[in-house]
Amino acid sequence: MSDVIRLLPDSVANQIAAGEVIQRPASVVKELVENAVDAGAHHIDVLVTDAGKTCIQVIDDGKGMSETDARLAFERHATSKIREAADLFALHTMGFRGEALASIAAVAQVELRTCQEGEMLGTLLNIAGSKVESQEAVACPRGSNFSVKNLFYNVPARRKFLKSNQTELSNILAEFERIALVNPDISFTLHHNGTEMLNLPVFPLRQRIMGVFGKKLNQELLSLDVTTSMVRISGFIGKPETARKKGARQYFFVNGRFMRHPYFHKALTDAYEHLIPVGEQVSYFIYFEIDPAHIDVNIHPTKTEIKFENEQAIWQILSAAVKETLGRFNAVPSIDFDTEGKPDIPVFEPDRQGDVTPPSFSYDPSYNPFNVKPSAAPPSSYSPSSAQRKQVQWEPLFEGLERKGKSWQQPDAPAVSEDEWTTEDLQPASPTLYDEHPEMTLKGNVTQHYQYKGCYILTSVKSGLMIIDQQRAHVRILFDRYMKQISDKHHVSQRMLFPEMVHFSGSEVPVLESIMEDLKALGFDLSNLGGGSYAINGVPAGIEGLNPERLVTDLVQTAMEKGKDVKEEVQGALALSLAKASAIVPGQVLTAEEMNNLVDELFAVPTPNYTPDGKTVLVMLKEEDIEKLFK
């Protein structure tokens, strides 16, 4: 029997390694820019064509490489940062495993121009599919210039699974922003298809954050700084009043490296307990400085997951630091003793009791509340008085009837005197609705509804009692309405008296532009002011009282979370997000007419039983089940 185990060729082994390190164009940008930072660059330019699918170019003014180093840099496990295993636990730089350039060269066509300071000539190296095609001396400025073309050209299956240009560009910008947020002493620029998207000069950290996410964020952040023998934690946290359901900027960095850490995130969110509504989040930018010997960054190919030696102790330090910052900036609610504009309550003075005159009152000593003549039982066709009708607001029940003098009548029907009508004389506002849904037929044909605790609508039907969640019902109605507006390209936009400004980060701008057509179909009118800033000139009619800036931001975040290239799915997500934002809130008191209209509109939609995301809108309590409760 022949042997079956054999060594893979280097080119195949490099492609397998590339599958772990280079997942998409954003991975190339991350590795090349981190290498430029490690090279001591003061300025880094990133130029991207077709969201990185055609070309990614990273230019830096770092120390450059010699001819030999330029060649060795593309070999697997080649690195300048470690000499022995112990060095893995004393890392102060980004790339260190020596896999990035080898992996990139295995799946793309790479050109490198590099020159060291003081040298007259540099090196030009061309590699494609791990094979060196040419190497020669050329004149070039100090630093390195990497050009990566036709990513995954030799792995068509991988290239086929790349997302749309908007999605890939958004991922590139996200990686770029993370590196920029930990290197405020380096200036960066990023261009896409010849258009400058970000230009970040050297600034202090707070100004760098504003350069990425907009100046408005400056008013939302509180400074945090604590130093212990174990760790130093610094950065910024959001004020409680800036909490939002979506779009919070949340970043953890350790020793200049971005990381995800759910355990530390829990420490931060717990510190905001009872300060922000459940389900909402605040922005934060937290920087950890710790001895590299106490962390392990080599547990994940992309090095975004980091293991800490003393996680529980750091958790407590972080939680205490956040609480101390909130208290120091008076972000924690306190008792308000402000009396401005309040009634003037005089101070009690015992010596002046004689000056106080008690109030006088009168009563009828002969009044007996039980001395009342019994009234006759009301007839079967009970007719309330005018005062009684006004008290219980009967008039909304007369929809579809015409009032003539003191009578109500249907068109082409005999008049019914106001003193003679009965419940049997009234017809529902939408008779066809209840014809289509027999279980909705109301006793006596009166569309009478009751509201329970401002959340539920109760109505008696032939089969029992129907309970409707008013908010979910409104979401169901609005969703279908917004989806129809999008599909028909017919919208009603309401111009704003004073346009509002909204700023998006570089990673959010491509997503916004990709859904701009759908936003216009909904009724939004946005104009691009450049630099990630937009003016909201108009919003959909019927959403008065909502924050336009927060609404547009939430819609963009919804599209980012979906991550779908299918337009219909993004449209559905936008319509659902807008419907939830515009729907009536729990506890909102409705008039009889509003309840009647809500129920009518609910049963006019194709699927009234469930919301678009599958939540129950209404339930039925059958008459026999109600009777069982009283046995």
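# Reading a predicted model, feature by feature

Q: Which residue is the bridge partner of V46 in strand 2?

A: In this model, which is predicted, the bridge partner of V46 is V58 in strand 2.

Q: What do strand 1 and strand 2 form, and which residue in the turn has a positive phi?

A: Strand 1 and strand 2 form a hairpin with five residues between them, and D50 in its turn has a positive phi of about 55°. Strand 2 also pairs with strand 6 in the antiparallel sense, over six bridges, and there Q57 stands opposite S147 of strand 6.

Q: In which sense do strand 3 and strand 6 pair, and over how many bridges?

A: Strand 3 and strand 6 (residues 143–149) pair in the antiparallel sense over seven bridges, with T114 standing opposite S144 in strand 6. Strand 6 can therefore be followed from one partner to the other, as it pairs with strand 2 and with strand 3.

Q: How many residues lie between strand 3 and strand 4 in the hairpin they form?

A: There are six residues between strand 3 and strand 4 in this hairpin, and G118 in the turn has a positive phi of about 90°. Strand 3 (residues 109–115) and strand 4 (residues 122–128) pair in the antiparallel sense over six bridges, and one place to check this by eye is L112, which stands opposite L125 in strand 4.

Q: Is T123 buried or exposed?

A: The way to decide is to compare the relative accessible area with the cut-off, which for a buried residue is under 20%. T123, which lies in strand 4, has a relative accessible area of 6% and is therefore buried. Leaving out residues up to four places away in sequence, T123 touches S66, E67, A70, L112, R113, T114, Q135, E136 and V138.

Q: Which residues of helix 8 are buried?

A: In helix 8 (residues 262–271), the buried residues are F264, A267, L268 and A271. They lie on the same side of helix 8, because the arc they cover around the axis is only 90°. What covers these buried residues includes strand 10 (232–238), strand 11 (250–254), strand 12 (257–259), strand 13 (284–289), strand 15 (307–308) and helix 9 (311–328).

Q: Which residues are buried in helix 7?

A: Helix 7 (residues 205–213) has R208, I209, M210, V212 and F213 buried. The residue that follows helix 7 is G214, whose phi is positive, near 105°.

Q: How much space lies in the largest cavity?

A: Rolling a probe the size of a water molecule over the atoms shows where empty space is left. In this structure the count comes to four cavities of 30 Å³ or more, and about 190 Å³ of space lies in the largest cavity. Its lining has 13 residues, of which F213, E220, R244, R249 and H503 lie nearest the centre. Strand 22 (493–503) and helix 14 each supply at least two residues of that lining, and the lining residues divide into three nonpolar, five polar and five charged.

Q: What volume does the second largest pocket have?

A: The second largest pocket has a volume of about 910 Å³. It is lined by 29 residues, and those nearest its centre are K245, L576, S577, K580 and A581. The elements that give two or more residues to this lining are helix 12 (470–488), helix 14 (548–562) and helix 15 (567–582). Helix 15 gives the most, with seven residues, and the lining as a whole divides into eleven nonpolar, seven polar and eleven charged residues.

Q: How many helices and strands are there in the protein chain?

A: The protein chain has 17 helices and 25 strands. Of its 631 residues, 43% are buried. Among contacts between residues at least 6 apart in sequence, 67% join residues at least 24 apart.

Terms used. Residues numbered from 1 in each chain as written. Predicted model: local features only at pLDDT ≥ 70, side-chain atom pairs only at ≥ 80, totals over all residues. Heavy atoms only, no water. 1 Å grid on protein atoms, 1.4 Å probe; cavity = no way out; pocket = protein on both sides within 12 Å on 5 of 7 lines; lining within 4 Å. Points joined across faces, edges and corners; volume = space filled by probe spheres on them. Helix = DSSP H or I, 4+ residues; strand = E, 2+ residues; numbered from the N terminus. Nonpolar A, V, L, I, M, F, W, Y, C, P; charged D, E, K, R; others polar. Buried < 20%, exposed > 50% of the residue type's maximum accessible area, 1.4 Å probe, protein only. Arc of directions from axis to C-beta. Contact = heavy atoms within 4.5 Å. Pairing = 2+ DSSP bridges.
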